[in-house]
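The following exercises concern the structure shown below. Each consists of a task and a solution worked in steps.

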Amino acid sequence: MKEKAENIPVYSLHNFSKAEGENQQFQVEVFDANRHFAVKYPHRHDFYEVLYLAKGTGFHVIDGNKYEIKPPCVFFMSPGQAHKIEVSHDIEGYIFIFTAEFYLINKSNQNRLIEFPFFFTVQQDNPPLIFENEQDILFLETLFKKGIKEMEKVNIDTVELLRSLLDLILTSSALLYRSDEKLLKGKGHIVVKKFLQLVEENYNLNLSVAEYANKMALTPNHLTQTVTQLTGKTSSEIIKSKQILEIKRLLVHSNLSVTEIALRLNFTDQSYFAKFFKREVGVSPLQYRVKSLNG
């Protein structure tokens with residue numbers, strides 16, 4: 001049986017950084033078979049990630065969605081997402097990881113990150129950006145290489161340059177990224193992405209639609225109408241979907257008992273928790289655990 005932890009590990013940026021101290025807000029480096037860290041899979045991050053892969057093969061699973069690695073391509077990840085990556089030994093590329101604070105510190109528009117079509121996506125998927133133009137590939141690689149060079153001499157001036165390089169990477173990628181989100185403009189789009197971000201940050205609190213709406217200074221009805229219009233799902237369905245996903249992860253990847261998982265996700269009624277899971281999944285939590293571990 002696979003080794004299991006007490007929870008899905010959450011890694012902060014300093015876990016992946018060569019710099020000393022825990023206040024590191026960014027890191028740019030080569031991504032290859034020599035990039036080894038003592039991390040467990042699946043795991044989640046509390047930072048954003050841009051992973052460019054130039055060579056190699058494999059699969060990248062993000063929040064249960066499995067994507068084949070077909071270089072050259074770029075994967076984008078938002079804070080809170082759980083992922084597992086399996087790559088060949090000849091994998092080559094670059095990675096830029098950063099906190100929201102690093103990117104937004106000088107931005108007048110504090111929604112800028114979630115406005116990008118690949119972060120906190122309305123469709124809740126993460127397909128990679130696939131390149132079709134050699135010039136676009138060379139441009140992006142140049143930005144990453146420049147970033148890695150600047151990391152060697154990080155000071156006040158180079159931090160601003162790295163922030164600008166990141167902005168170029170994200171903005172140029174957004175122009176090439178194929179997504180229906182490009183057609184979604186306006187306040188409603190941002191409302192949905194903010195809601196998805198809040199669900200990602202607060203799923204363990206078992207909040208109601210009304211409590212999420214209150215956090216966003218909206219009425220529950222307005223929130224649900226906007227979410228349903230853009231996603232085809234109600235606010236309640238999205239909250240439940242996230243809860244079920246996390247319960248499944250803990251059943252398969254942790255040693256926590258069903259009672260402990262219920263408490264971890266703020267379900268105070270054990271009987272209701274079991275009924276909720278069975279209603280949504282079709283089997284009891286214990287049946288799901290046994291089936292997953294033996295399957």
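## Exercise 1: Confidence

Task: determine which elements of the chain have the lowest and the highest confidence.

Solution. In the chain, confidence is lowest in strand β1 (residues 10–11), with a mean of 76, and highest in helix α6 (residues 209–215), at 98. The score is pLDDT, the predictor's confidence in each residue, from 0 to 100. Over the chain the average pLDDT is 88, and 89% of the residues score at least 70. Helices (H or I, at least four residues) and strands (E, at least two) are DSSP runs, numbered from the N terminus.

This is a predicted model, in which local features need pLDDT of at least 70 and side-chain atom pairs count only at pLDDT 80 or more, while totals for chains, interfaces and linings use all residues. Residues are numbered from 1 along each chain as its sequence is written, and side-chain values use heavy atoms, with hydrogens and water left out.

## Exercise 2: Helix geometry

Task: compare the span of helix α4 (residues 156–176) with the expected value.

Solution. The expected span is 1.5 Å times one less than the number of residues. Helix α4 has 21 residues and reaches 31 Å from its first C-alpha to its last, close to the 30 Å expected. The buried residues of α4 include V159, L162, R163, L166, I169 and L170. In general, an α-helix has 3.6 residues a turn, so residues three or four places apart point the same way.

## Exercise 3: Rings and charges

Task: classify the ring pair of F277 and Y288, and identify the charges that lie over the faces of F59 and F116.

Solution. Rings of Phe, Tyr and Trp (its six-membered ring) pair if their centres lie within 6.5 Å; planes under 30 degrees apart count as stacked, over 60 as edge-to-face and the rest as tilted. By this rule there are 25 aromatic pairs. For F277 and Y288, the centres are 5.7 Å apart and the planes stand at 75°, so the pair is edge-to-face. The pair links distant parts of the chain, F277 in helix α10 and Y288 in helix α11 (residues 285–294), 11 residues apart. F277 counts as buried because its relative accessibility is 0%. K275, also in helix α10 (residues 270–281), counts as exposed because its value is 55%.

A charge sits over a ring if NZ of Lys or CZ of Arg is within 6 Å of the ring centre and within 35 degrees of the ring normal. K66 lies over the face of F59, at 4.4 Å from the ring centre, and R112 over that of F116, at 4.1 Å. F116 also belongs to a cluster linked by ring pairs, with F76, F98 and F120 among its members.

## Exercise 4: Backbone particulars

Task: locate the cis peptide bond that involves P72 and state where F120 and N266 lie.

Solution. The cis bond joins P71 and P72, with omega about -5°; P72 is in the loop between β6 (65–68) and β7 (73–77). F120, in the loop between α2 (112–115) and β10, has a positive phi near 45° without being a glycine. F120 is buried because its relative accessible area is 7%. N266, in the loop between α9 (258–264) and α10, has a positive phi of about 65° and is not a glycine either. N266 counts as partly exposed because its relative accessibility is 39%.

How values were computed
Buried means under 20% relative accessible area, exposed over 50%, partly exposed in between (1.4 Å probe, protein chains only).
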